[in-house]
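Reader: Hi! Could you walk me through a few local features of this one?
Author: Happy to, here it is.

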Amino acid sequence: MTDKYLDGTEENALSIELPEEDCMCAEKGTLTDAEADVIVRPSADDETDAADDALFEEKKQKLKSGSLSEKLFGKKYLAACFLVPAALMFLIYIAMGVFPVGEGSVLVLDLNAQYVYFLEKFRNILLEGGSFLYSFQRALGGEFMGIFAYYVASPLNLITLLFPKEYMTEALLTLFVLKCGLCGLTFGIFVHHTHKRRRPVATVIFSVMYALCAFAVVMQNNMMWTDNIIALPLIMLGLERLITHGKFKLYVVTLALAIFSNFYIGYMSCIFVAIYFFVRFLTMSEEERNPTGEKNHLVKTFVRLAVFSVIAVMIASIVILTAYYSLSFGKLDFSKPDFSPAQRFDFADIISKLYFGSYDTVRPEGTPFIYAGMLMVILAPLYFLLKDIPSRKKLGAGLLFVIFFISFNLTTADLFWHGFQRPNWLNSRFAYMFVMIALLMAYEVFIRLRDIPYSKVIASGGVLCLILVFLQKMGVENLPDLLAVWASLLIIGVYLVFLKYTHVNACRNAVETTAVVLAILVSIEMFASGVANLYALDDDVVFSTRTSYRDFLDPYYRAVEYVEDDGFYRSEKLNHRKVNDNFAIGLNGITNSTSTLNSSVITLLSNFGYTSKSHWSQYVGGTVLSDSFFGIKYVYADPAKKAVPWYVSEYYELIATTEDGIDIYKNPYALSIGFGISSAIDEFKNDKLSYDGPFEYMNDIFALTTGNDELKIWNRISMYNYESSGSREFDIVDEIKHKGYEKNSTTDATLTMEIEAENSDHIYMYIPSNYPRKATVKVNGKSLGQYFTNDTHAILDIGAFNPGEKVKIVLTQEEEKMYVKLDDTYFYSFDSALFEEYADKLTSTQLNVTEHSESSLAGTVNGGESGTRILTTIPYDEGWHITIDGKPVEYKKALYVPKPEDEDDGKEVPSGLISFDVPAGEHEFEMHYMSDAFKYGAIISISGIVLFAAACVGEKLLPKLRAKKAAVLPVTAKKDEDESADTPAADTQEDAE
C-alpha cells in the first residue's frame, strides 16, 4: 500500500498537501524559501533526484523554528509512536482499577488460568535453576519445551526477571504496556521507511490506531500472540526491501523472531508472507520492484524469498520441532475438524465489528475483532478513489480484502489459517493482519486528502452511518444503542468536521493544528474503545483481582518451605485457585492444564478416579491407594476453606501447621517414582471399555502391585432401588450405553439410588458419563455439593455408615438433560484392613532416588534374587534414556491406551507409563531426558544461524569483490591491447594458430 521507491511524488511533514501560493497566514506573512522547501510537497513534474533529497534534508535541519508538528514530535516522532499508545494502554488499565490504583489485575481467561503460571515457572528456571527440557510439575511429568514454545518463548518475557516474585501481576502489566508501545513503534517504523517525506502527526495517529485496535487490546491477555502483532510491520518492511533491493536481514530476523516467540501465530505469519509477497510483487511496476535494473529480477527475487524464508524457519526450528513433538502426545488428535465449506458468520455480523463499542464475545460464537478506529473505516474505502494510486495497486488491495473476508467466514479457509484445528474460543486469530492492511490504505488517503473531493469523504461517512442504522434495525446484538450506535455516529460526525478543515484552510499552522487535534481525538477514541472493550471482556469472562492471586499463592509459597525433604517425591494440595498452581508453587503433582496435553496421562488419571478430562487434570477424587501409587507424599490442606477428606486425616500424618493456617500431611505409604510390579502389567491396558469404573481398575492395579490376583481392596455395593422422577428417560447408543434424562416438568428432576451398608468401611461413589451435565448430590438428605462438573466428576466419598444402614443418594439435575452410564457399579466400600495389611508389600521393591533434577534421576535399585519388573509413574516418552550400571536398557509402555479399531492407522503414539526390567541384585540406575526433537531442532537452528551469518558476510564481501574485479579487468584489457599493438601480424596469426 505504501511506496518508498515507487511513489513519484514526495511528501512533506504535514498530513496534507499545501500549494505554495496558498501557504500564507496574516500574522506570519509569506514563508521563507527554506520553510517552503520543507512544507511544500513538489508535484509530480518537480520530482527530485538523490541530490535534491540530500538538499531537502540539509535545509530541513537548518530550520531555526520548526512547524507545530516538529515542535511536538521533532526528529524523534517515532518515540511518540511508542510512548503515546503505551501511555494510553496504561491509562486504560488504570481506568480498569488495576493495581496500584485498585485491586484489579490484568489476569483474565487463559492468562489467569495458564500463562501466568508458566511465566512463574519460566522465571523460576532462570533465577533458581531448573530445566526447560522436562518438568514434573505438570500432570505426572512431561516435556517442558513444548510449553515453552507454545507460551513463553518471547524474549520480552525476560522483563519478568526484573520484578520480585510477589509482583508478577505488575510485571505482566509492564509487559503489556511495553508490547502495546512496540506495536505502535513498529507501525511507525514501517511508515517512516516507506515514505520519502515524513508525516509525524499522521504517523503517530495511525500507530495509535494499530497498537490499540480491538484485536490488540482484547487479545492482549494472550501474551504469546502479541509478538507477532509487533513483528508484522517489520516483516512487511523486510519484504519490501527483499523485493526492491534484495536486502534480506530485516526479513529473516523478524520472521524468525515471530515464529520463535509463538510458532502457532508464526505459522499464520508465514501464510500472510506468501499471500502479501505475491500480491505486492505483482501489483508493482517493473520500475517500482526493480529500481536498480537487476537482470532476471523476477527469478532472483523468488529464489531469495524461498531461501531466506527457509533460513528463518531453520533458525526457529528449536521451537518448531519441540512444539510438534509436544503436540504429538495428543493435541494433534484432540479434535476431528470438518473441512467441508460452510459459512461461519453472517456478513452483517462481521461488518458490525468495524464500529466503536462493537464487542460481542471471545467465546466460540465470537466474530473477528477488526475495529481500529472510525477514521480507518471512513478513509480506507476512499483508497480506491485516489487518482495517483495505480489500478493494479487498488486491485491488489481489493484482493487482500476478499481473501481476509473469505478466511473469516469460510470454515475450510479458517481451519487452514488455524493449523487445521478449530479454535477453542478466540476466533479469527489472524484478524490483526486485516487491520494492518486497512490502516495502511487509510493512511495513504489521509496524506492525500486534498486530492479527494470533500463530497466523497462526506459520502463515505454517510454510507457508514446508513449501514450502522440498518444494522441497528436488524437488531445486531453487539451494537448497543448508546455505546455503539450513538457513539459511532458522533465519532463519524466529529471526524467529518475536522477532515473538512484540512480542505478549506490553507494556513500552515491552522492545518497543522487540525492534524494535532485529530491526533488527540483519535487518542481519546482509542482510549475509550480500549476501556469499553476491557469492561466488556470483564463482563464476558471476568478479570481476576490481584489479591485473589497473591492471597492464594503466598501462603503456599511459605508452606512449601516447611517441608525439609531433599528426596524426590510428588505433592498436592486440596484447594485450587487454578489447575496450574503447581508451576508457581513448585509442586511435583498431577494438577495441570495446557494445550500441549498428554492425552494418555489424562485418561490414566481419570481411570484412577481423579477429575481429569479434555486437556486438564486436578487433584480431586483422590484416595489413599491412588495417592500412594502415584507417590503423592505430601498433601497441603487449608481446613478453613475446604474440609480435609477422611483418607487424609485417617492415613496421613499431620507434620506441621503454618502461620497461614496451612496443614501439611505426610503420606507414609507413598511409593517411589518406580517400584516392583508383576510382569503381567504387559497385558494390562489402560482401556476404559474394559472396566466398569475406577474401582475395578484400581483393584487390578493393586493385585499387580502386591502379586496377589485374588485381592479386592474395593468391594462393590449393589443398589436395591434406582428410579427417576420429573424427567423423561431415553437411551443413547454409543460405545458405552447411556441413559438420558430430560426434564419434563417444573419440579425438580431427580435420580434416586438406594444402597445398604455392609460394614463400617467408607463408601465411595463414581458415576460414569461421557456427557456430564451439572447436578447436585444429597446423601440421606445431606448435601455433598455438585457432581458432573469439570472439577467434581471424580470419586466421591459419601461417608461411613453402620452395617445394615440404608443409604439414599439423590442426584438432582441442574440442567435440562443429564446422562449416566447404565450400570450397577456406582458404589464401592474401601477395605481399610486389607490395605493396612498389604501396605508394606507395596513398598518392598522401589527405586531409591539419591540424586535428581527436573530432567534426570539417579540412585539404586535391588532386583531381588531373580530380577524384577519396575513400573515407574513417569509418562512414556522416547526422550528418556535409562542405564543400569552404566549400560543402556530398553524400556516399555505400561498401562498404555490402545487406539480404537476405527482409528488404528498403524502409527505408534506415546502413551502409558515407563517400565523396565532390573536383573537380580543391587544396581545403580540413571535416567536422563533429552528428546530427539530438541536435539535436532537445536542443530537445525544453529545451522540456520550459521547460514544467515554467512549470507550477511557474503553481502558485505560481494560488492568489494565485484569492485576489485571491475578494477582489474580494465587494466588487463589495456595491457592486452598494448601488447597486441606491438606484435607483428605474422606473430599474431601464429599465436592464434
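Reader: Which helix is L298 found in?
Author: L298 belongs to helix 14, residues 297–315. Helices are DSSP runs of H or I with at least four residues, strands are runs of E with at least two, and both are numbered from the N terminus. Residues are numbered from 1 along each chain as its sequence is written. The model is predicted, so local features need pLDDT of at least 70.

Reader: Thanks! Switching topic, which residues does the cis peptide bond join?
Author: F99 and P100, with omega at about 25°. P100 sits in the loop between helix 4 (77–95) and strand 3 (104–108). Most peptide bonds are trans.

Reader: And what is the phi of L140?
Author: Near 65°, a positive value in a residue other than glycine. Most residues other than glycine have a negative phi.

Reader: Where does L140 lie, and is it buried or exposed?
Author: L140 is in the loop between strand 4 (134–135) and strand 5 (142–143). L140 is buried, because its relative accessible area is 0%.

Reader: What about V542, where is its place?
Author: V542 is in the loop between helix 23 (508–541) and strand 6 (543–545). V542 is not a glycine, yet its phi is positive, about 75°. With 49% relative accessibility, V542 counts as partly exposed.

Terms used: This is a predicted model: local features need pLDDT of at least 70, side-chain atom pairs count only at pLDDT 80 or more; totals for chains, interfaces and linings use all residues. Side-chain values use heavy atoms; hydrogens and water are left out. Buried means under 20% relative accessible area, exposed over 50%, partly exposed in between (1.4 Å probe, protein chains only).
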